[in-house]
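Let's take a walk through this model together.

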Amino acid sequence: MATIFRVEKSANYTVMSNYHLDDARLSLKAIGLLSKILRMPDGWDYSIEGLSRICREGKAAIRSAIEELEEAGYIVRRQTHGEGGQFAGNEYIVYEQPHFDAEKSPSCENQTTVEESPSCGFPSTENPSSGNPSSENRTQINTILANTIPPKAPQGGRRRREPKKAPDWEPERFAAFWAYYPRGESKQAAIAAWDKLRPSSELIDEMARALKRQTQTEEWQRGVGIPYASTWLNQRRWEDEQRAPNPPADDEGSLPLWT
């Protein structure tokens, strides 16, 4: 039986929600990165390079953890613009709890649930002790700049961003897609991916036909291998090819013809 040693907490520790620590969907890497981010004061600015230095992880690992947190609803992404209207990088809003479950949390206010109506294009169908906490136990709103823009001075006050009820681009077509898609997690990430993709009517029809084929596969019927809707959109999974299993080789030592 393992022996557990507990160190008495006296000072210089962080108070944060246990929600992400108990979230079985998150990898240890994502949990660690989110804990590091939540430790910082509100209004603290980050870059991928800066997070890589303080976490001793490569930039690719940081980006991967951020994408995982985005899919799980802890991070909301938006595109920022400079004074001249040009793109100025991606901005991320960080939450202690998934934003799409915000209306269930007593710490969130003015949250509403939206009824989606399908449209054409898709088939219908513990208490923390006192000490010297470095952040308060509430929804943490931090900004991560995913490029090398110099940090901005923290702005006064707190920002509260409401979850988007629908994308800006073709909201009716997205509602139909979301109603048909077999996984219902991370809607905000899916909305962001849809607005980033901005699919044309022809592409939406192509996506609908491919999604219908995929939902009829044996794996998807068993609930196996179905990605988040945002992943499906970001990775253009409607372009995946459906292939039959490879036939058995004539003999055990033979090689495929392309080798």
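Gln-242 touches Arg-213, Gln-214 and Thr-217, leaving aside residues up to four places away in sequence, where contact means heavy atoms within 4.5 Å. Gln-242 and Ala-210 are 32 residues apart in sequence, and their C-alpha atoms are 10.0 Å apart in space.

A word on the source before going further. This is a predicted model, in which local features need pLDDT of at least 70 and side-chain atom pairs count only at pLDDT 80 or more, while totals for chains, interfaces and linings use all residues. Residues are numbered from 1 along each chain as its sequence is written, and side-chain values use heavy atoms, with hydrogens and water left out.

Now step back to the whole protein. It has 8 helices and 4 strands, and from the N terminus on its elements run α-β-α-α-β-β-β-α-α-α-α-α. Of its 259 residues, 36% count as buried; buried means under 20% relative accessible area, exposed over 50%, and partly exposed in between (1.4 Å probe, protein chains only). The accessible surface comes to about 16,600 Å², of which 49% belongs to carbon and sulfur atoms. These areas come from the Shrake-Rupley method with a 1.4 Å probe, and for residues only the protein chains shown count as cover.

Next, look at how some helices pack. Two packed helices are described by the angle between their axes and the distance between the axes. Here, axes are lines fitted to C-alpha atoms, for helices over the stretch in contact, and angles run from 0 to 180 degrees between N-to-C directions. Helix H1 (residues 28–39) and helix H2 (residues 48–55) pack at an angle of about 105 degrees, and their axes are 12 Å apart. That makes H1 roughly perpendicular to H2; angles under 35 degrees count as roughly parallel, over 145 as roughly antiparallel, 65 to 115 as roughly perpendicular and the rest as oblique. Leu-33, Lys-36 and Ile-37 on the H1 side meet Leu-51, Ile-54 and Cys-55 on the H2 side. By class, the residues of this contact are 5 nonpolar, no polar and 1 charged. For these classes, Ala, Val, Leu, Ile, Met, Phe, Trp, Tyr, Cys and Pro count as nonpolar, Asp, Glu, Lys and Arg as charged, and the others, Gly among them, as polar.

H2 also packs with helix H3 (residues 59–72), at an angle of about 105 degrees and with the axes 9 Å apart. H2 is therefore roughly perpendicular to H3. From H2, the contact takes in Ile-48, Glu-49, Leu-51, Ser-52 and Cys-55, and from H3 it takes in Lys-59, Ile-62, Arg-63 and Ile-66. The contact of H2 with H3 has 5 nonpolar, 1 polar and 3 charged residues.

Among the buried residues of H5 are Ala-189, Ile-191 and Trp-194, and what covers the buried residues includes H3, H4, H6 and H8. Just after H5, Arg-198 takes a positive phi of about 50 degrees, although Arg-198 is not a glycine. This residue sits in the loop between H5 and H6, and at 49% relative accessibility Arg-198 counts as partly exposed.

The buried residues of H6 include Leu-203, Met-207 and Leu-211, and their cover includes helix H4 (171–180), helix H5 (187–197), helix H7 (218–221) and H8. Ala-208 of H6 is buried, with a relative accessible area of 6%. C-alpha to C-alpha, Ala-208 and Phe-177 are 7.6 Å apart in space and 31 residues apart in sequence.

Finally, visit helix H8 (residues 229–234), where Thr-231 has its place. Thr-231 is buried, at a relative accessible area of 11%, and touches Glu-71 and Arg-237, not counting residues up to four places away in sequence. In the segment after H8 lies Arg-236, which has a positive phi of about 50 degrees although it is not a glycine. At 33% relative accessibility, Arg-236 counts as partly exposed.

Notes:
Helix = DSSP H or I, 4+ residues; strand = E, 2+ residues; numbered from the N terminus.
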